[in-house]
Each structure stands twice: as C-alpha cells, then as structure tokens.
Amino acid sequence: QVQLVESGGGLVQAGTSLRLSCAASGPTLAIITSIFGWFRQAPGKEREFVADISLSSNIHYADSVKGRFTISRDNAKNTVYLVMNDLKPEDTAVYYCATKAPYSGPTWNTWGQGTQVIVSS
C-alpha cells in the first residue's frame, strides 16, 4: 500500500513562490509506475485537479495554473514536487497529492493528508 505525505505549504504573499513535496512510501514498483497528481480544495469549493505526471513524465496541467506551476518527480527519492510561481490569492487551498496506477481510469486511489497554502494579497 502506497502512502503519501505532503509538505511545503505555508502563508505567502501574492507574486511569490512555493515548492510542495509529496513523499511516497511503500512498494517500490508501485511507486515508480504510479501516476502522481496534485489536487487542491479551496474553502467552500470542490476539490479540483492541478497537475499530474506519469513515469515517462507525461504531464498535464489545469488551465488555471499552466505557465505558473511545474510538476516534477524524482524517482530515486520517491518524491513528486509542485513548484508554484507567481502565486495568486485564488491559489489559496489545501493541496493534496494522489496516485493511481497507469491505465486504471479516472479514479485516484491513494491520497495524502494535504498541505495548506494561503496566498495573501
């Protein structure tokens, strides 16, 4: 069973940057082959997709973060990163890391506990 722990959130001013980390533990093969995703949930809103990355570094971004956020993975460290530049108050949310097996459909089956990001104007 893969487990995920997010870190790196905090309170920042608009226009600045943060790097979130998602450390995975568990079966190595499951971790390496997993697709990793970042999601976020703002107060009073539904959880939304932010970005994802496959083993082969096939990457997708939500339109709202394209050009500002960068997802990457370090397979040697079992860690996925989300670098967030030019943060805006509307980026304020709890950010979650998730994984799913490749070709497993739309359901993300493992989630972390989340890390809070607050962007002040």
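Guide: A strand here is a DSSP run of E of at least two residues, numbered from the N terminus. Keep in mind that this is a predicted model.

Visitor: In which strand does Tyr61 lie?

Guide: Tyr61 belongs to strand β6, which covers residues 59-61.

Visitor: Why does Tyr61 count as partly exposed?

Guide: Partly exposed sits between the two limits, under 20% for buried and over 50% for exposed. Tyr61 has a relative accessibility of 22%, so it counts as partly exposed.

Visitor: What does Tyr61 touch, leaving out residues up to four places away in sequence?

Guide: Its contacts include Phe49, Val50 and Ala51. Lys66, Phe69, Thr70 and Ile71 are also among them. With Ile71 there is a polar detail: a polar atom of the Tyr61 side chain lies 3.0 Å from the backbone nitrogen of Ile71. Now look at Gly37, 24 residues from Tyr61 along the chain. The C-alpha atoms of these two are 9.7 Å apart.

Visitor: Let us turn to sheets. In what order do the four strands of the open sheet run?

Guide: The order is β1-β3-β8-β7, with antiparallel pairing. From one strand to the next, the twist averages 15°.

Visitor: How many bridges join β1 and β3?

Guide: Five, and the two strands run antiparallel. β3 spans residues 18-25. Take Glu6 as a landmark: its bridge partner in β3 is Cys22. On to the next pair. β3 joins β8 (residues 79-84) over six bridges, again antiparallel. There, Ser21 faces Tyr81, and Leu20 faces Leu82.

Visitor: Which side chains of β1 are buried?

Guide: The general idea comes first. In a regular strand, side chains alternate between the two faces of the sheet. In β1, residues 3-7, Leu4 and Glu6 point to one face and are buried.

Visitor: Now a charged residue. Where is Lys100, and is it buried or exposed?

Guide: Lys100 is in strand β9, residues 93-100. Lys100 is buried, yet has no salt bridge. A salt bridge needs a distance within 4 Å. For Lys100, the nearest side chain of opposite charge is Asp52, 5.5 Å away.

Visitor: What does the side chain of Lys100 reach?

Guide: It reaches the backbone oxygen of Gly105, at 2.9 Å. Setting aside neighbours within four places in sequence, Lys100 is also in contact with Ser34 and Ile35, among others. Pro106, Thr107, Trp108 and Asn109 are on that list too.

Methods:
Residues are numbered from 1 along each chain as its sequence is written. This is a predicted model: local features need pLDDT of at least 70, side-chain atom pairs count only at pLDDT 80 or more; totals for chains, interfaces and linings use all residues. Side-chain values use heavy atoms; hydrogens and water are left out. Buried means under 20% relative accessible area, exposed over 50%, partly exposed in between (1.4 Å probe, protein chains only). Lys and Arg count as positive and Asp and Glu as negative; His and the chain ends are not counted. A polar contact is a pair of N or O atoms within 3.5 Å; within protein, one must be able to donate a hydrogen and the other to accept it, and residues adjacent in sequence count only if both atoms are side-chain atoms. Contact means heavy atoms within 4.5 Å. Two strands pair if DSSP finds at least two bridges between them. Axes are lines fitted to C-alpha atoms, for helices over the stretch in contact, and angles run from 0 to 180 degrees between N-to-C directions.
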